[in-house]
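Hi everyone, thanks for making time. I'd like to walk you through one model today, starting with a sheet and ending with a pair of helices. Let me put it on the screen.

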Amino acid sequence: MADFKLDKRLSLVKSFKGQNHPPDFDHTRWLFETKGTYGYGNAVWPKDGYGVGSGANGFEHPPDFGESKRPLTRKVGVSAAILSPYRLLIILRLVALGFFLTWRIRHPNLDAMWLWGTSITCELWFAFSWLLDQLPKLCPVNRLTNLSVLKERFESPNLRNPKGRSDLPGIDVFVSTADPEKEPPLVTANTILSILAVDYPVEKVACYLSDDGGSLLTFEALAETASFARIWVHFCRKHNIEPRNPEAYFGQKRDFLKNKVRLDFVRERRRVKREYDEFKVRINSLPYSIRRRSDAYNAHEELRAKKKQMEMGGNLSDPLKLPKATWMSDGSHWPGTWASAEPNHSKGDHAGIIQAMLAPPNAEPVYGAEVDGENLIDTTEVDTRLPMLVYVSREKRPDYDHNKKAGAMNALVRTSAIMSNGPFILNLDCDHYIYNSLALREGMCFMLDRGGDRICYVQFPQRFEGIDPNDRYANHNTVFFDVNMRALDGLQGPMYVGTGCIFRRTALYGFSPPRATERHGWFGRRKIKLLLRKPKATKKAEDAMLPIKGEHNDDDDADIESLLHPKRFGNSTSLAASIPVAEYQGRLLQDLQGKGNQGRPSGSLAVPREPLDAATVAEAISVISCFYEDKTEWGKQVGWIYGSVTEDVVTGYRMHNRGWRSVYCVTKRDAFRGTAPINLTDRLHQVLRWATGSVEIFFSRNNALFASGRMKFLQRVAYFNVGMYPFTSMFLLVYGILPAVSLFSGQFIVQALSVAFLIFLLAITITLCLLAILEIKWSGITLHDWWRNEQFWLIGGTSAHPAAVLQGLLKVIAGVDISFTLTSKSATPDDGDDEFAELYVVKWSFLMVPPITIMIVNSIAIAVGVARTMYSPFPQWSKLLGGVFFSIWVLCHLYPFCKGFDGKEVKSTNHYFCVVWLALHHYFLALGKYNSSIWKAGLHEIPVPLMYFCYRQHKIMKFLDFIL
C-alpha cells in the first residue's frame, strides 16, 4: 500500500511495453485510473499545480517560463567567408594605391609636367575619396525581427492586463505635402489610405497630413479619403490585403485570388473596385468642382454687393472691388490659400488650420453589420474603428522664415504632442506609402527590445516603383541603400534619409540617451561609459534626462522638468506637460531595464486615449502659429534642424552626436514604396539639391570634424564623407578632360607605358573589381545595379555636383540664398499611356553643359589621335592606346547620359558614332580655314559612307545643331 502511494506522489509513469500488460493496453486510461500524471514543467503543467490536490501550493494558471524574455530582434553578421576577404582586399588595394601613387610621384613626365602634375593631383584626391567611402563599410550587419514575440509580450492577457488590450506604444504618422499641382492629391490619398489600414492597434495610430500650401483641394481630397477609408480599411482587414494602397493593389499584374479562401472575396473586391473608381473620379474632379462652386458664390456675392450699392444710391457704373474668394462646400470662405492669392489668403500668407477628419477611436473594438443598403461588405467579424486623421496647415505670414519642410515637420511635432502624443513618430513623403502592413510592428521590435532605449530612430530603405527596367539613371539607388546603409548599421547606425523613418519623440526633442560612450584618443580607442539619466529619490520616475555637454546653457545635472522652460520649447504648457508623458510611454518594460534605465510596468499603456475637445484643438492651433518658434530652440536643438536643404541628414547627425544609436530595418517584404523622377533633368536637379545640402553641411558646424566624443570614429568618417563628396566633382571634371588633352597634345600622364605602371594599374583595377563582387555578395545587389551606380557617379559628378559646390560657395561667401523647386510626383498613368513616357522627354538644363562638353571633346580627341597616329611617320602607339583607353572609359560612363537624348523610337545604339563624326564636321566648319597638321595628316580622308550613315540620324543631328 505504501509503495502504491509513493508511486502516485512521484507520478511515475510505467512503461506499457512490459510483459505484464496485454497488447491492447490503453495508457491514457491507465493514467486516469491510477491518477498518474506527467509531473510538472514547461511541457505539461497540471491544473492543481505540482502538489497533491489543489492546496495552497497549487497554481491556477501555468507560470511564465521565460517565453516573454525572448529577444524581439537578432543581429546577423555577414559570413566570415565573405567579410574577411573583403577586408583583406581593402587593405591590399590601399597598399596598391600607395605603391602606385609613390611610383607616379617619383616618375614624372618631363615632356609634359603640367599634364603629370594635374593627373597626380586628381589621383591623390580620388584615393582619399575612395578611402573615405570604403572605411565605413568594414562592419556590415543584417538584422531580423520576431513579430510573434512582440504580439505575445504586448498583446496577450496577463495579470496587469486581463482583457489583453494592446500594450504597444502609440505612433503618430506624419505625411507632408506642399503643392497639389506637383504632388497630385490622388497620390497623397493613396498614401493616407495605406496608413489608415496598417496592421497596428487602431487606437494607437494617429495620422497627420501637413499641407504646407494651405490648399482647399488637398483639404477636400482628404475629406473624400476619410469617407472612402470606411470601405477600404474594412476590406483590407477582412481579407488581409497587401499592399494596402488601393492604386497599387488594383494595379498589380498577378493573380489576386492567390491564397484567398473566403467565398465572398470576389464579390466584395468587385464592389470595392467600383467604389475606388468612383473615388478617383471624385478626386480628379475636385479642381473643377471647387472652381465652379467658387465662381457661383463669387457671382452671388457680386450681385448682393450691387444690390446694396443700388439701395445706397450708388452709381452702378462704378466698378466693384470684391475679392475672388475660394469657397468651401458649406458656403464659407476657405481660411487657407485662394486661387486669386488675396491678402491673408496666399501661399505665404494664410491662417493656421487644424481639422480632425476622423476622431480618435474607442478603446474597445466595434464590429460592423451584414451587407445591406449602407454596407457594401460584411463586417460582422471586422473591427470597424479607424485611426485618428488630422489635416494641418501651419500659419504663414510675410517677413517670416518658415524653413520649408523642416518647419512643417516641427509644426506637426507640436500639434501631435497636444492631440495624441505618441511616443514614436513615423514620417513619410506624400508619395511613399506603406507597402508592408506589418512595417510599424517591425520597427517597434527594435525600439522595445533590450537596449532599444538608446535607439533614436529606425530607418527603412527606400524602394521605388515606376522605374524603367534598365534603371538608366540609377534611380533605385541600391548601392546606397543596400551597401552603405547596411555597413553603417554595423557602426552607430544609418543616416536619416528624410522618409520611411520611425523616431523616438524624446530624441527629436533634443534630449540625450539614457546611456552613452565617450571616446577619446586616437581613433576613439579609450572609452568612457556615461550614465546620462540619474534617477533621484525625491523625483518621479520620469524626471531625469540630460542634454549633451555644451549644447545647452543649463546645468548638466538638470532633470527634464528644469528643461521644459519657454526658451526651449515655447510657452505652451500643454506641450511641456506632454513631454514627460511621451518619455514614460516610450520606455522599455521593467523586466528589460538595464543599469540606469527606468522601465514601465507591463500593461501601463493598455488604457483608452482621452477624447479631443475644443480646448485641445485651440491649443494645437496656437502652437502652429508663425511666431511660436521665436526665441525658442526649435530648429536649433529641438526637432528637425534648420539651415540646410538636406535637413534630414543634419537632424540624424545631431542625434548621433548626442550618443544615440539608429537601426536599419530591412524587411523581407518592402516596408514602404514610393516614386522617383525618371526624367534626366528632374533626376539631375534632385541630385543637385542633395549635393548642395552636403556642401552646406561641410561649411557649417555640422561638419563631422567638430563631432563630439560620443560619435564613433568610423561613423564620423561616414558623416565627413557626406560633406566632402561633392568636391570630388572638380577633380572629375579635370580628369574627364585629361584623356582628350592627352590625345590632342600627343602626350600622356606618364613618360611611357612601362611594365611597372601597367602592373600597378592592373592591381588597382583587379582589386576594385573583386571588392565590387564581394559587395554584391554580402549586400544582395546585382552587378547591373553596381554598374549603373558607377555610371551615374560620373554623370552626377560632372553635372550636378560642380553646380552644388558653386552654389554652396556663393551662399557661404556672398550670402546668396539657395532655393529649389519641389520635385514633381508622377501620377499613375492612364490605361494605354506609356508608363515610362517621362523617361524620353528632353528638358534642357544648364547642368547638361559639362557632360556634353566632356563627351564631345573626348569623341573628337579619339578621332584626332587615331588620325595623327595613323598618318604620322613615327607613330607612338603606346601614348595613343593610353589616351584612347581612358577616353573610352569616360564615354562608357556617360553612355546613359547620351542615351537620354534619344527619343523613344530610336532603337539603335549609334549615338556615339553620330556624336564623333557630326561633332567633327561642325567643329571643322566653325573653324573655317583649318590648316593644322592634323588636317594635313589626312583627316579629310574619313570614309564618306560612315559620315552619311551618321547624318541619317536626324534627331541627334538636330540636337547637335542646337548645341553647337
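So, in what order do the eight strands of the open sheet come? Reading across, the order is E7-E8-E4-E3-E9-E13-E11-E16, and the pairing is mixed. Do keep in mind that this is a predicted model.

At the edges you'll find strand E7, residues 353-358, and strand E16, residues 661-664, each of which pairs on one side only. From one strand to the next, the twist averages 20°.

Let's zoom in on one pairing. Strand E4, residues 205-211, and strand E8, residues 388-393, run parallel and are joined by five bridges. If you want a spot to look at, find Ala206, which stands opposite Met388 in E8.

Now, which helix lies across this part of the model? That's H11, residues 439-448. Helix H11 lies across strands E3 (171-177), E9 (424-429), E11 (455-459), E13 (501-504) and E16. Relative to E11, helix H11 runs at about 150°.

Last stop: the helix pair. Helix H20, residues 728-745, packs with helix H22, residues 783-797, at an angle of about 95°, and their axes are 9 Å apart. Angles of 65 to 115 degrees count as roughly perpendicular, so that is how H20 and H22 sit relative to each other. Who makes the contact? On the H20 side we have Thr728, Ser729 and Leu732, and on the H22 side Trp793, Leu794 and Gly797. By class, this contact has three nonpolar residues, three polar ones and no charged ones.

That's my tour; happy to take questions!

Technical notes. Residues numbered from 1 in each chain as written. Predicted model: local features only at pLDDT ≥ 70, side-chain atom pairs only at ≥ 80, totals over all residues. Heavy atoms only, no water. Pairing = 2+ DSSP bridges. Helix = DSSP H or I, 4+ residues; strand = E, 2+ residues; numbered from the N terminus. Axes fitted to C-alpha atoms, helices over the stretch in contact; angles between N-to-C directions. Contact = heavy atoms within 4.5 Å. Parallel < 35°, antiparallel > 145°, perpendicular 65-115°, else oblique. Nonpolar A, V, L, I, M, F, W, Y, C, P; charged D, E, K, R; others polar.
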